[in-house]
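This report goes through one protein structure part by part. Have the sequence and the 3D view open while reading.

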Amino acid sequence: PVTVHRSDYRAPDWSIPDIALDFALGIDATKVGAVLSVVRDIDAPVPLLLRGDGLTPAAVRVDGEVWNDWRMEGSDLIVDLGERVAATVEIDTVIDPASNTQLSGLYASGGLLCTQCEAEGFRRITFHPDRPDVLSRYKVRMQGDKAAFPILLSNGNCIDQGEAGSDHWALWEDPWPKPSYLFALVAGDLVVNRDSFTTMSGREVELGIWVRDGDVDRTGHAMQALKDSMAWDERVYGREYDLDLFNIVAVSDFNMGAMENKGLNIFNTRYILADPDTATDVDYDGVEGVVAHEYFHNWSGNRVTCRDWFQLSLKEGFTVFRDQSFSADMGSPAVKRIEDVRLLRAAQFPEDAGPLAHPIRPDSFQEISNFYTATIYNKGAEIIRMMATMVGPERFRKGTDLYFDRHDGEAATCEDFVKAIEDGAGIDLGQFRRWYEQAGTPRLKLSLAEEGGHWSLDIVQTVPPTPGQPEKQPMMMPLRLAAFATDGSGDALADTLVMVTGATQRIALGTFAARPALSVNRGFSAPIIVDFERGPGELAWLAAHDDDPFARYEALQQLMLDTLVAAVSGKAGDNRAVIDAVGQTLEGAASDPAFVAEAVLLPSEAFIGDQMVTVDPDAIRRERLALQATIGAALETKWRAVLAGKAPPATDLSRKAKGGRRLRGVALAYLAATGADDASALAFRIFSDADGMTERQAALATLAHGDSDERIAALDIFYQRYRDNPLVLDKWFQVQAWSLRADTLDAVKELAQHPDFTLANPNRVRSLYGALTGNQAAFHQADGEGYRLIADLVIALDPKNPQTAAKMIPPLGRWKRFDDARAAMMRAELERILARPGLSRDVTEQASKSLL
Ligand code: HT7
Ligand code: ZN
């Protein structure tokens, strides 16, 4: 496969100010007529290079004449335009949406026709440069059978429509120049939830959420989220929506969460449909966050787009930061920060420590679809967050205003963003730019030093080597800290922001009679790993007294982590400090149940493994369950008290109600871990009495870990009730693949043969196999069966859907973290995948890099 390098970027030879597309729609055959008005941007004659993927030109015309001066180079079309400096190039193609199982380009999903063009799907519809720095105004005519496609949607505004026998047609025009990856079209039988929004300048925007008949009652939360997002972007960033119409369409078959096509967002149904009976509180938050994310792209991504795909984090990192800030404002900032950091540690830190590590602005790739990663998105968001932290909200806003003003209508770079923050906020980001260049999670080793009652913090910074980057320079980062005199003597150092820039650095803390309790990296001000030895007493003190909720959470988690790592290493000690700290934290359950639920949750098996030189999945499973049982038993009365009250009504989506339900789920898990006689019966009662999916799913998940009759009954009841609801059926597959039972791998194998399982739907694939790779002890079963299962999946899925197949490979690439026997089996499976003939570029890149 060809490797593309960032350093090879060259501006396009031809621009395309206007495009007219004409679609004659059919599920098995759609005719596409493209009219490109092209303008040469360089002096010397040069042919027009139009990318294609699986296309054959049926006809080529230039300035209205049949044109023969073209050739195919691989999949691409080269049109020789001689000395022309401008021309109208017309190309006809025919595509088959029904056989497009990759879900990239124009494809059929349950009778619906829809598009996914990011990153390089437009070239599967028509020949085009298909690069994000070619921006055009689009006019789209679509015609199709009225009965099969009653609704015809594209970007922008519908400017005309009409009938033609049994067909009808619509003409759409998008006034805003856009790159081809933002093009969208949807045709099919849909119903709409309509609403409107008045912008800050008083313009009325028509809003529509289009779904299948029967689903419209589940679109209310998405609509509210959309209106809240529109108002928030005006208030916080001064950004107003810029068309008279904003449409969202939900489709069942989708490779990612959603897509920000200009004026016509297309969503995975998972991030639109929600009602209390079928969606959990986590699902509701997912809908709100993704609707906001796609809406915010209208400015950070669409009005200012990316020059090339190496700049992907320019739009994704910034937009994730924006959606995180929005969700924090809509709910609890502390809990949102905890969730975001948990995700970063679960998904991005391992990526940054493995063979697929890459900077947030990569230097090269083979297949861009492989770079929609936690690094580009979530670490990218952390980099933006650090800039915001360093300059404060007002100066950050000056920087973003400057960025939007300077680059509106342009295809920009990450450097453009950094420069705008530098100029607008007035800060030197020279050294900070290393975050864009260097991969790997920085580590700060901290120690306290004392001289005559004056205490200081010594920092040693290292950035680990990553593929292609053996040597690293120290990063610049904002570190929020505070120090407390636990005995009440001396000065407390109030919340302070210090800039860490060096490989070594000393920070004065103040005068204390005894060693202060240090609260460090508060709010997770920098996306780093902190090594700092603190005893259980100090951590317990911080868990109880720190005035920063995130730091309280961190202290308790660290205390649990230290206890678990010691136990896994055969150095189990006294659990009293953990039990007391959890008990003490539970005292706050009434006032902030959401925070308490997060804080008392044991660290995940994977995160415990991340602390170890060699991961021992079985010992981790054993010790984590043992500690859960110990805490469960020691605090049984408290867990029972949490469960004794009535659950908040499922229709109550307030912060408190959601927190209450979350804490009940955690309490049930602790109680079940004790093996209490009545635990299964209690879980079954909660399952049966539940008035909504949050309680129902939590109880089902708890039962699914066990071995009771109630488990079998609940799984059956759940299946029978929801077998016709694909999103809920995904949960049924998922809870079984998440199970802590010893026979989970066998269950997954059986479920893969279930009549409701299909490789054609990415949500279903993720619900079974994605859940399995998240189940550490099952995936890493000592006989290597988990690895075989995933490799078999990749091999079977690759010919159908290479993007989704490639996403299953990274867990196999973590072989260096495991014992020799497991590492050898993981490598063998990667090699077995690579030996398959005709493998996609997506899977080839991921599997071959994973072996390094
Ligand atoms: N910007 C969107 C990216 C996306 C995508 C990329 C590759 C293959 C399929 C895809 N579907 C959507 C999603 C987002 O970040 O908003
Ligand atoms: Zn995005």
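## An exposed residue

D405 counts as exposed because it has 11 C-beta neighbours inside 10 Å. D405 belongs to helix α5, residues 374-407. Helices (H or I, at least four residues) and strands (E, at least two) are DSSP runs, numbered from the N terminus. Between D405 and A420 there are 9.6 Å in space, C-alpha to C-alpha, and the two are 15 residues apart in sequence.

## Basis of the model

This is a predicted model, in which local features need pLDDT of at least 70 and side-chain atom pairs count only at pLDDT 80 or more, while totals for chains, interfaces and linings use all residues. Residues are numbered from 1 along each chain as its sequence is written, and chains are lettered from A and ligands numbered from 1 in the order in which they are written.

## Helix α16

Helix α16 covers residues 679-689, and its buried residues are A679, S680, A683, F684, I686 and F687. Seen down the helix axis, these buried residues fall within an arc of 160°, so they line one face of α16. The arc is taken from the directions from the helix axis to the C-beta atoms. An α-helix has 3.6 residues a turn, so residues three or four places apart point the same way.

Among the elements that cover the buried residues of α16 are α15 (655-673), α17 (693-705) and α18 (709-722). Contact here means that the C-beta atoms of two residues, placed from the backbone, lie within 7 Å.

## A five-stranded sheet

An open sheet of 5 strands runs in the order β17-β18-β19-β21-β20, with mixed pairing. Two strands pair if DSSP finds at least two bridges between them. β17 (191-198) and β20 stand at the edges with a single partner strand each, so one side of each has no neighbour in the sheet.

β17 pairs with β18 (residues 204-211) in the antiparallel sense, over 8 bridges. R194 has G208 in β18 as its bridge partner.

## Around ligand 1

Ligand 1 is surrounded by 15 residues, and the closest are E118, N255, M256, M259 and Y372. A residue is near the ligand if its C-beta atom, placed from the backbone, lies within 6 Å of it. The elements giving two or more residues to this shell are β20 (258-259) and α2 (281-296).

Definitions and conventions:
A residue is buried if 20 or more other C-beta atoms lie within 10 Å of its own, exposed if 12 or fewer, and partly exposed in between; C-beta atoms are placed from the backbone.
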